[in-house]
Amino acid sequence: MIVIPNVGPSSPARIRRQWVKRMQWGVLFGLMVLIYGSHAPLITLTKVDGQVPFNPSSCVLMIELAKLLISLATLILTGGTSALSAPPSLFLVAPYAVPAILYAVNNNLVVLMQAYMDPSSYQVLSNLKIASTALLYSFCLGKRLRPAQWLALGLLMCAGMFHTYSSLDLGDAERVEAKEGPRLHITAWGLFLVLVYCFVSGLAAVYTERVLKSQRLPLSLQNLYLYAFGVAINGFSSFAAVGSEKSFLEGYSGVVWAIIAGQAANGLFMSVVLKHGSGITRLFVISCSMLVNALLSWVILGLQLTPLFLLPVSMIGLAAYLYYR
């Protein structure tokens, strides 16, 4: 008699593999949320007399360089160096330049928008990139979302807006005026720029996911192409502005190097998500990181949390339930 092992859909081995995979994704998601959420508090810890002591453009370049070197090391350790024995074709490599250009455009838009709106308005309106990413994800990748999933993404966007609103000091207008602090304002040009920013942000994420999934190449090799363009573009931007800013490594401290290491790791983790998962997961990572950011700011920097903080927490939890159920 031939005995056939239990390899059906409910076999113990299959269930074990599913749980291991879920745990791996859970650990990856948790690490990304923690790194994203700690970014702003860490930058605040580096400030001297209210100013960032290092060159931001050099920091971005170092992050891209770290991702490039880690990708190269991973490719060597996994035995994929044979792919580098001959120069790759331009047709194969050229698509990886587009995300680098789009992210460079977005970085410059963030700076440009500050002249046409206050930082708080930018934080609120930038949550529109959730809607733009979802629309582009559905249109460009042909992913059809259920009505409950659209509702979940709407809740996610509103949660970001409520979280930003809960951190604004809108109470005593006379006291705000006495401090002569920045007032809430936005111009028509600023509104146009923020809409462009949200569209470019969503397009960059969706296009990167499409490129990573459409080519049957090792992820480490794809990252090598992607970050080579990132280093080239950010390097040109950094050295073009060297005359008017701080020297390249001026003001670097242990916290700055921790920021570089964390952001480099997060970029590589995001490549895994876009290659093997979904770009929508990126939106949940960013939304959950806002909560981690607030908690770390409370613990490390002593900032006060308002009762409204519980509202975005509940909305993000409900959004996750509706989208992934």
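This is a predicted model: local features need pLDDT of at least 70, side-chain atom pairs count only at pLDDT 80 or more; totals for chains, interfaces and linings use all residues.

Visitor: How many salt bridges does the structure hold?
Guide: The structure holds two of them. In one, the side chains of E64 and K67 meet, with 2.9 Å from N to O. In the other, K213 pairs with E209, their closest N and O atoms being 2.8 Å apart.

Visitor: Where do E64 and K67 lie?
Guide: Both belong to helix α2 (residues 56-77), three residues apart, which is about one turn of the helix. K213 and E209 lie in helix α9 (residues 188-214) and, because they are four residues apart, about one helical turn separates them.

Visitor: Is E64 buried or exposed?
Guide: A residue counts as buried under 20% relative accessible area. E64 has 13% and is therefore buried. K67, at 8%, is buried too.

Visitor: And is E209 buried or exposed?
Guide: E209 has a relative accessible area of 2%, so it is buried.

Visitor: Which residues form the nonpolar patch on the surface?
Guide: The patch consists of L45, L295, W298, V299, I300 and L305, which together have about 550 Å² of accessible area. Helix α12 (residues 279-300) supplies the largest share, four residues. I300 lies in this helix. Patch residues need over 30% relative accessible area, and I300, with 44%, is partly exposed.

Note on methods:
Residues are numbered from 1 along each chain as its sequence is written. Side-chain values use heavy atoms; hydrogens and water are left out. Patches are made of residues with over 30% relative accessible area and no salt bridge: like charges are joined within 9 Å, nonpolar side chains (Val, Leu, Ile, Met, Phe, Trp, Tyr) within 5 Å. Accessible areas come from the Shrake-Rupley method with a 1.4 Å probe; for residues, only the protein chains shown count as cover. A salt bridge is a side-chain nitrogen of Lys or Arg within 4 Å of a carboxyl oxygen of Asp or Glu. Helices (H or I, at least four residues) and strands (E, at least two) are DSSP runs, numbered from the N terminus. Buried means under 20% relative accessible area, exposed over 50%, partly exposed in between (1.4 Å probe, protein chains only).
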